[in-house]
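Subject: Structure handover and findings

Hello,

Here is the structure I promised to pass on. Please open it beside this note, then read the findings below.

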Amino acid sequence: MTAVVATLPLALIPALNGLGWHSLSSSTGTERTVALITLVVITVLNIYGVRLVAIINNTGVLFEILGMFVFALVLIAFHNHQGFKVVTNSGGLHVGPNTFLVAMFMSLFVIYGFDTASTLAEETRDPRRAAPKAVLFSIVGAFVIGGVFLLGTLMAIPNMHAAITGNGGLGFGPAQIIEANFSPAFATIYLLVVSAAIFVCCLSILAATIRLCFGMSRDNQLPFSRPLAKVSPTLHTPLWTCITVAVLSAIPFIQYTGAAIIAIAATAMIYFAYFLGNSAILLARLRGWPKTTAPFKLGRWGLPINILGLLYGGAMLINFAWPRAASNPTPKQTALALDFHIGFLNGIPILWTVFVVLAAIGAIYYLLFGRNKAFAPVTAPAGDDAPLVAGAAPKAEG
């Protein structure tokens, strides 16, 4: 959640500057302020307006298609400076296997979050059919729209060397490439549309995270599950869950060093969550699950796809965790922009520290409290497999 909110200022600040707010600098301080304001706004929207969130989310699909796809086609058609050969042009830089692994991070940062479709499944009609289709369509959509956007943006780079070495050595981002090709007015409109698409992404991911937290609390599996599982009788939303998720999302901004640093740990931990989920499903398959049919099923392809997903997920986790300045730096390699204030931690790759700390917190909670928590009774759909969790006996249906 933090990583997505931190992305919005990268497009919104240049857009606001284009509207005349020239006092807004693209500094980490300004980015943090805009990100925190965004977090407050989307939290309030989730607390007070479930229907409004749904309307904004549906409208956001239009903005995403316009901002990420249609405008990218405009770049390809009318602002093609590099040609399709740009995908094989390294700008004079050495290209090796490590370069490819680093380049994969662009797709890794894009092809995730599709699980929000399943997290929100309870609020859809016929979720056992609709949710799996939504997950698949979201992956295909991200691949097509994201791929066209990346291609159009790369082809629109006026000068490859300047783009690689510009922006203080960090290289040009999408905002700089857009501003280099369009008039100030059109570039501002483009950036506003992209900002709207990112805002809707923030809103929907927060909604999904709130429902995930609420669902686990309803199953009595989180600290303070009882208040987190309560729905406000007047607002009809889980008020304390909304506030808790927002507060936890704000913690990394205490020492904010840019969206890229947050994205390293955030995306890697999400892939680790996918890996754990796939592992649990594989164990269930090896024990004979599923024993009943379902509206959506992989059939005999289930086991090989499950294994393939684990192999891919494991390989990407190694890629994430590999110690290198480009994707998993130590705080010292960031010139202590991120400082853990403990000497030896500043020499350890960031992802390693985040993983160990979160694993330690989880282990301590489980050993002290979690293992003694009883699952709430589970109501399985008629004719479905029995719950896989020991002790989670299904309720009798009436």
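A crossing is left-handed if the near helix is turned anticlockwise from the far one by less than a right angle, and right-handed if clockwise. Helices are DSSP runs (H or I, at least four residues), numbered from the N terminus.

This is a predicted model, so local features need pLDDT of at least 70 and side-chain atom pairs count only at pLDDT 80 or more, while totals for chains, interfaces and linings use all residues. Residues are numbered from 1 along each chain as its sequence is written, and side-chain values use heavy atoms, with hydrogens and water left out.

**Helix packing**

Start with H3 and H9. H3 passes H9 in a left-handed crossing. Their axes come within 8 Å and cross at roughly 140°. That makes H3 oblique to H9. Axes here are lines fitted to C-alpha atoms, for helices over the stretch in contact, and angles run from 0 to 180 degrees between N-to-C directions. Angles under 35 degrees count as roughly parallel, over 145 as roughly antiparallel, 65 to 115 as roughly perpendicular, and the rest as oblique.

Contact means heavy atoms within 4.5 Å. On the H3 side, the residues that meet H9 include Val50, Ile56, Phe63, Glu64 and Phe71. On the H9 side, they include Phe186, Tyr190, Val200 and Arg211. By class, the contact of H3 with H9 has 16 nonpolar, four polar and two charged residues. For the classes, Ala, Val, Leu, Ile, Met, Phe, Trp, Tyr, Cys and Pro count as nonpolar, Asp, Glu, Lys and Arg as charged, and the others, Gly among them, as polar.

The axes of H1 (residues 2–18) and H9 come within 8 Å and cross at roughly 155°. H1 and H9 are therefore roughly antiparallel. The crossing is left-handed. H1 contributes residues including Val4, Leu8, Leu12 and Gly18. Among their partners in H9 are Thr188, Leu192, Phe199 and Ile205. The contact of H1 with H9 holds 15 nonpolar, four polar and no charged residues.

Next, H12 (residues 259–286) and H14 (residues 350–368). Their axes come within 10 Å and cross at roughly 50°. The two helices are therefore oblique to each other. H12 passes H14 in a right-handed crossing. Ile261, Ile264, Ala265, Ala268, Met269 and Phe272 in H12 meet Ile350, Leu351, Val354, Phe355 and Leu358 in H14. That contact divides into 11 nonpolar, no polar and no charged residues.

**Backbone points to check**

Most residues other than glycine have a negative phi, and most peptide bonds are trans.

- The peptide bond from Trp289 to Pro290 is cis, with omega near -5°. Pro290 sits in the loop between H12 and H13 (302–321).
- Asn220 has a positive phi, near 65°.
- Ala335 has a positive phi of about 60°. Ala335 is in the loop between H13 and H14. Ala335 counts as exposed because its relative accessibility is 69%.

Cut-offs for those words: buried means under 20% relative accessible area, exposed over 50%, and partly exposed in between (1.4 Å probe, protein chains only).

**Single residues**

Is Thr241 buried or exposed? Thr241 is buried, with a relative accessible area of 0%. Thr241 lies in H11 (residues 239–250). A polar atom of the Thr241 side chain lies 2.5 Å from the backbone oxygen of Leu228. Not counting residues up to four places away in sequence, Thr241 touches Ile210, Cys213, Phe214 and Leu228.

Asn89 lies in the loop between H3 (50–78) and H4 (97–110). Asn89 is partly exposed, at 36%. Leaving aside neighbours within four places in sequence, Asn89 contacts Gln82 and Met160. Asn89 and Met160 are 71 residues apart along the chain, and their C-alpha atoms are separated by 9.0 Å.

Gly309 is in H13. With a relative accessibility of 25%, Gly309 counts as partly exposed. Gly309 and Pro290 are 19 residues apart in sequence and 18 Å apart in space, C-alpha to C-alpha.

Best regards

Conventions
A polar contact is a pair of N or O atoms within 3.5 Å; within protein, one must be able to donate a hydrogen and the other to accept it, and residues adjacent in sequence count only if both atoms are side-chain atoms.
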